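Work through the exercises below with the model open beside you. Each task is followed by a solution in steps.

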There are 2 protein chains.
Amino acid sequence: MGRPAKFNREQLKAAALALVDEQGLASLSMRTLAAALGTGAMTLYNYVETRQDLEILVVEAVMADVRWPKAMPGDWREEVRVIATALWHAVRSHPQVIPLILTRRSRTPAVFGAAEALLRALARSGRAGHELLVAFRAVSALLIGMAQAELAGPLTLQAGESAEETVARFRALPQETYPRLIDIATVATESSAEAEFHATLDLLIEGLAAERAPARGRRQRGSKAVSADRMQARR
Amino acid sequence: MGRPAKFNREQLKAAALALVDEQGLASLSMRTLAAALGTGAMTLYNYVETRQDLEILVVEAVMADVRWPKAMPGDWREEVRVIATALWHAVRSHPQVIPLILTRRSRTPAVFGAAEALLRALARSGRAGHELLVAFRAVSALLIGMAQAELAGPLTLQAGESAEETVARFRALPQETYPRLIDIATVATESSAEAEFHATLDLLIEGLAAERAPARGRRQRGSKAVSADRMQARR
DNA sequence: ACCTGAACACCGTTCAAGT
DNA sequence: ACCTGAACACCGTTCAAGT
């Protein structure tokens with residue numbers, strides 16, 4: 001007894017991310033990761049509860065290097081922009097992991113830290129309680145949604161498809177039924193994910209600024225007494 | 001030769017969706033679906049190319065029943081709201097399929113039709129070309145992102161966790177480091193996905209309305225000549 | 001405490017043989 | 001043309017035996 005550990009979670013994390021980055025998500029399995037570490041599959045279970053647990057580890061590895069300046073320039077809009085962009089860049093630098101990011105959830109200091117920073121920035125717009133939650137959800141959703149668009153957007157290239165082929169695919173649709181869709185598909189091939197992300201984020205931030213209507217009350221902070229009156233069934 | 005087909009894609013589609021709805025996504029396999037149809041696994045390959053193909057079929061099944069009124073009430077904002085909400089409801093009514101929706105892409109008339117309708121509504125805000133693309137991306141991303149939030153949101157309940165347990169989990173975090181995160185976690189347990197979706201959508205629509213700045217030129221329609229000047233590297 | 005091979009109950013898919 | 005069983009090369013994970 002008292003046998004010294006051969007590995008640790010940090011090593012698995014790094015090896016798993018490297019494997020996914022280099023060989024793709026499909027290449028990750030308990031057996032392949034073990035082989036990459038020079039051991040048997042069962043050894044991994046000393047560090048990881050299940051395969052899902054391993055996948056969460058990979059997501060954590062990606063989110064771990066989100067960095068943003070703590071001293072913030074300018075107003076809250078710029079602060080929101082910087083933090084959201086930092087998160088987006090972290091996700092984008094490991095495109096193979098995106099399906100896991102969409103699908104697994106990591107509860108790690110890196111993510112919590114970014115969330116808290118984002119909340120702090122959004123709170124500077126004058127929001128608290130449910131309004132702050134909504135603002136946070138909106139920015140998060142946009143981020144995740146734009147990451148997903150990169151993976152499988154209806155207008156982006158398919159795997160191994162050229163821009164010309166994509167346009168051709170859309171042009172093959174009935175022109176009278178989908179005029180705007182066909183048009184936009186053409187535009188999309190000349191656009192960049194980076195530009196689109198910033199433009200959509202600006203759109204949302206514009207909304208956050210516009211809706212910061214002064215006289216609406218209900219601005220107490222740290223309260224659980226946020227009323228639910230405006231919350232129900234809008235249509 | 002000339003042997004009559006025992007099934008068709010439509011039947012597989014319906015059976016697969018029913019299986020996922022009732023038994024969960026993990027229960028879907030070529031073998032289980034075949035068994036549900038009373039045949040062997042290999043028979044399915046007469047209708048479906050691969051397992052991925054089958055998964056896309058399931059996504060199509062979900063998107064197939066998106067419905068929205070063709071005659072639109074009120075202004076373009078209301079129109080955007082109605083279409084986005086219709087899409088969101090379709091997704092939400094099959095929560096087990098969400099991971100597939102996030103991860104696979106369906107190119108089906110139902111989805112194209114909804115996209116075209118959304119584009120038409122957004123175009124009424126005075127957008128065309130790249131601006132229209134951005135508006136479309138933003139609404140789509142918000143939709144997808146809010147669907148994902150339901151699956152794995154950092155503030156929502158974990159599987160089989162009560163609201164109290166969620167709050168407790170967040171309260172266990174260091175209060176000085178994550179004051180707003182802890183606060184918002186409490187607020188989230190009293191909120192509803194429906195209310196949050198509508199609120200975030202309104203936020204974005206507000207931004208779409210605010211950014212509809214008049215004198216900015218470049219409004220030609222159906223053109224591929226949308227310039228890329230404002231598109232590059234914002235920061 | 002940690003390591004690990006054998007084994008089990010699954011997968012998706014190829015192949016070859018049927019009608 | 002469509003059907004289908006056998007087989008192959010994988011999975012994640014349990015178990016039991018090791019140190």
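A polar contact is a pair of N or O atoms within 3.5 Å; within protein, one must be able to donate a hydrogen and the other to accept it, and residues adjacent in sequence count only if both atoms are side-chain atoms. This is a predicted model, in which local features need pLDDT of at least 70 and side-chain atom pairs count only at pLDDT 80 or more, while totals for chains, interfaces and linings use all residues. Residues are numbered from 1 along each chain as its sequence is written, chains are lettered from A and ligands numbered from 1 in the order in which they are written, and side-chain values use heavy atoms, with hydrogens and water left out.

**Exercise 1.** Find which side chains approach phosphate oxygens of DNA strand D.

Step 1. List the surroundings: 20 residues are near DNA strand D, the closest being Arg31(A), Arg51(A), Lys6(B), Thr39(B) and Thr43(B). Near means that a heavy atom of the residue lies within 4 Å.

Step 2. A side-chain N or O atom of Arg51(A) is at 2.6 Å, a polar side-chain atom of Thr39(B) at 2.7 Å, and one of Thr43(B) at 2.8 Å.

**Exercise 2.** Decide whether Ser191(B) is buried or exposed, and find its side-chain partner.

Step 1. Ser191(B) has a relative accessibility of 15%, so it counts as buried. The classes are buried under 20% relative accessible area, exposed over 50%, and partly exposed in between (1.4 Å probe, protein chains only).

Step 2. The side chain of Ser191(B) makes a polar contact of 2.8 Å with that of Glu196(B).

**Exercise 3.** Describe the interface of chain B and chain A.

Step 1. Start with area. The two chains bury about 7100 Å² between them, 64% of it on carbon and sulfur atoms. Buried area is the accessible area (1.4 Å probe) that two parts lose on being put together, summed over both. Arg137(B), Arg180(B) and Leu203(B) supply 11% of the area that chain B buries against chain A, more than any other three residues.

Step 2. Look for salt bridges, each a side-chain nitrogen of Lys or Arg within 4 Å of a carboxyl oxygen of Asp or Glu. There are two across the interface. Arg137(B) forms one with Glu196(A), where the closest N and O atoms are 2.3 Å apart.
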